[in-house]
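Have the sequence and the 3D view open as you work.

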Amino acid sequence: MNALLTSAVAGLTAGGTYALLGVCAVFTYRLVAVVNFTGAAIGTAGTFVLIALFEAGFPVWPSVLAGVAAGTGVGVLIGFIMTRWFGEASASTKAAVTVALLVGIIAVGLRLTGGQHPHNMPELFPGSAFRMAGVEVTIASVLTIGLAALFTVLADLFLNNTKVGLNLRALADRPMAAELLGIRVQLLSLLVWGMTGAFTTFALMIIAPQRSPNFMTLSLLVVPALAAALVGLFRSFWRTLAGGIALGVIEGMASSVDSISQYRSAIPFLVVLAVLLWSQREARWDEAR
Amino acid sequence: MQWKSSLLIAAFAGLSLSAMAGTASAAGPTCKDGTIKVGAVSTITGPADFSEVPKATKAAFDAVNAAGGIGGCKIDYTIADDKADPAVAAQAARDLIDNKEAVALVGSGSLLDCAVNSATYSRKKILSVQGLGVDAACFSSPNVSPVNVGPYTLSTAMAYYATNQLKSEKLCAFFIIIGGTQEAYKKAIENWEKISGKKIHLIDLTLPFQGDLTPYVIKARDAGCDAVLTNQVEPQVVQLIKTVDAQKITGINWLFLAPGYTEQVASALADTKQPIYVGTEWEPFTEKGSPANAQWVADMQKAGRPLTAFSQGGYLAAQLFLKVVASIDGEVTRESVTKALHDMQPITNPLSGSAYVFGTAKVHSPMQATKVMKLEKGAWTVETPEWVVLPQVK
């Protein structure tokens, strides 16, 4: 039992990561109606700008700023592609386009960053916050969970209580109608892409030192993140937050049980499957009524 | 005096015949159109880049060609890229064997060449002096004999080093299992158990290729491991040690295999105080001044190639192959090369701790020695100046 608790706490680090990226995915979906597979890759691109500058001998925090700026830029660029050419496309087409973009970004990123070779990643927030059940809970993982929670609160407030938020929701639901009403669709969309780009970049900068520091691994963090977003059915920020943390904790616990630990990387897929089946069941119910 | 002169003629004839035979045996290898065709199937593009292996083989062959070739024969070397794609790998091998008429494969380094092509090699009776055996099939096929120690023998050797020299009492092993490597890693640990007479304290075959490693390092600590052996590759080595540092774990020796032995890993882990050991496949490549590396360094610099561990493998494969070809009397064909490799005596080379032999065994793993490097303040230092040679498994 104790071992299970220990490994559950050990899973918090991963959980915070999934939650943070998951919340960003929901944010993008609710505001620009794109299931964004490139989320983590955008952040990874910005993170590697930080790494390149740091390795070239620049001081850390100015490099962080440059990296966040680069991540924002990549986010805006992807946003431009999505709004310019796929603004009126169906949700599934948009998702497919982001998958294609993800593959492209990974291919280019792997080439530019020297493939699987590890890099010297500066730890922005080193050290551990406290010890729990025999596990050092690092400042970075507390920070990721904290940021995920903060982003959840802010996103909720922003969407429900501000005019811009309202406009953005209108834009996501009916872009054409929103444009006719005089909402500056293109600009607002790019703003959202840039914001999430900046945010995921900063998130990945915190996370990267604890993960395998290469382009592909970091970009593929989007899979558990989207699983978390699916727990929130791409609507609820709070459920996504909880889903992300739960995913990490379940993964952590799974690694302490020998018989299932070899399948632990499949856990996000099982969660996706379970949520899909659950939501389908509700749809059936609605039809029956 | 008729009979005397005819006897003389006969004697002369006999003498010249034997002299001709003498010239024939001193002539060594010959070739039909002035070339000996050799190929390699390597992963160059795709998820991994092993191109340094065949490129170093090519550099070694180019040097021989520039000096007039081997017995006047130039080596015509073709490197085929398998793109880590089984279909492309199969096609590349068939092209080298049927169209290019290669006499042997030398200096291949690939993620899947052995697994995909070893049956073809057996069928076509062609042998591969593998520059870098990666997948398990490279060490379990009658037609492939790698010049590297390989991950499985190296696992046994590092475990042997942990118990023998680091005096580890509770050795734990964590392995990433990709494809059909599970049995090979299990066997590696079993071999160590037979050699050392000890039992593995904990073996975990579920290490993820990507994902958080915190639960695993906690597991190692809570199980009381005093040494942990893993087969992780470059970026994961860095991740693992960073996670260990974040968890403030001390008192465990961390043992890795050759993929962890790179300058990038050393610089990425410059700040850690963890005791980190890696096993090398050959003479440590970072020891540029070592006499064993001298010839390799000179030849690579002349060819303008970087000094990497991979290039040692390709270079070594070329040197061993050249020696075997030089021993052939008569035409160098696929048949004569295969026969020469089957019949060869073990050849030593300062780059490796074991003598290389192909032979006719069903499986080949001729390299049984490693040198151990320790990471200290961002640089690799030689921990074992003498080779750690695995004793025979009883």
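**Exercise 1.** Find which side chains meet in a salt bridge between chain A and chain B.

*Solution.* Start from the rule: a side-chain nitrogen of Lys or Arg lies within 4 Å of a carboxyl oxygen of Asp or Glu. Across the interface of the two chains, this rule finds one salt bridge. Its partners are Lys248(B) and Glu136(A), at 3.8 Å from N to O. The model is predicted, with local features needing pLDDT of at least 70 and side-chain atom pairs counting only at pLDDT 80 or more, while totals for chains, interfaces and linings use all residues. Residues are numbered from 1 along each chain as its sequence is written, chains are lettered from A in the order in which they are written, and side-chain values use heavy atoms, without hydrogens and water.

**Exercise 2.** State how many residues each chain gives to the contact, and the area buried.

*Solution.* First, count residues with heavy atoms within 4.5 Å: chain A gives 32 and chain B gives 28. Next, take the accessible area (1.4 Å probe) lost on being put together, summed over both parts.

**Exercise 3.** Is strand E2 (residues 35-42) of chain B largely enclosed or open?

*Solution.* Apply the cut-off for buried, under 20% relative accessible area (1.4 Å probe, protein chains only). Six of the eight residues of E2(B) are buried, so the strand is largely enclosed by the rest of the structure. One pair to locate is Thr35(B) with its bridge partner Lys74(B).

Definitions and conventions:
Buried area = accessible area lost by both parts, 1.4 Å probe. Buried < 20%, exposed > 50% of the residue type's maximum accessible area, 1.4 Å probe, protein only. Helix = DSSP H or I, 4+ residues; strand = E, 2+ residues; numbered from the N terminus. Pairing = 2+ DSSP bridges.
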